[in-house]
Amino acid sequence: MQDEEKILEQLKELDKAQDKNPVTLASLKTLKSAIYNRDVDLQTVVKLRTLNETTLKSENIKIYFCSLCGKKAIGANIGLDTLPTRRSDNSIAINLKQIFIRLFLKQEGIKYIKRSNSVEKQYRWCCEECGVHVAYQCVSYEEGAELIQGNSDIQLSNKPYLYVLNDAIVLNQQFSKLHSEIAKLKDQMEYEQLK
């Protein structure tokens, strides 16, 4: 495993950079509304500050964003697209004992899901900004937090996996639904101005 302190330091620097010019769901909705209602001139539209994996100084960390609002959701030291998927729901399975991961999500609560032969207890994680369900784990939040922080000495009764919903994250913030809609509206305005 890579030097976790170095990775945590890089993530802190990333947080500081994003806090200087934050993009919130409310600001994106306001901008989208202004563009749609033609209340703002195209030259005065503030450019959306986007952040992708190339913003990082290190190639070791990949940041994933919420596919709905574009808020930072997960940081990992490996590409999540290379990981196996769960057969029951096609979620990306992240082994918390082997892969360094940082969650920028909030706890959503516990849900019980009926599977073919049993009932599964899920501890769910959702986006801090828009509240969309992004991931879940089958171990309690406390046990998962111990694993995410790197404490491998605890004994778990379940597999220590975090499951990320397949379409809940994107690697580039510009591919999120809200950013895409705003870009389409801006393009439509530019096209109408050319007529």
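Start by selecting Q137, which lies in strand β7 (residues 133–137); strands (E, at least two residues) are DSSP runs numbered from the N terminus. The model is predicted: local features need pLDDT of at least 70, side-chain atom pairs count only at pLDDT 80 or more, and totals for chains, interfaces and linings use all residues. Residues are numbered from 1 along each chain as its sequence is written, and side-chain values use heavy atoms, with hydrogens and water left out.

Q137 is buried, at a relative accessible area of 0% (buried is under 20%, exposed over 50%, partly exposed in between; 1.4 Å probe, protein chains only). Show its side chain together with W125: the two side chains make a polar contact at 3.1 Å. The Q137 side chain also reaches the backbone oxygen of V139 at 3.1 Å. A polar contact is a pair of N or O atoms within 3.5 Å; within protein, one must be able to donate a hydrogen and the other to accept it, and residues adjacent in sequence count only if both atoms are side-chain atoms.

Next, select Y136, Y161 and Y163, which ring pairs link into a cluster. Rings of Phe, Tyr and Trp (its six-membered ring) pair if their centres lie within 6.5 Å; planes under 30 degrees apart count as stacked, over 60 as edge-to-face and the rest as tilted. The count by this rule is 2 aromatic pairs. Y161 and Y163 are stacked because their ring centres are 6.0 Å apart and their planes at 25°. Y161 is partly exposed at 23%, whereas Y163 is buried at 9%.

Finally, select K72 and F104: K72 lies over the face of F104, at 4.4 Å from the ring centre. A charge sits over a ring if NZ of Lys or CZ of Arg is within 6 Å of the ring centre and within 35 degrees of the ring normal.

Technical notes: Helices (H or I, at least four residues) and strands (E, at least two) are DSSP runs, numbered from the N terminus.
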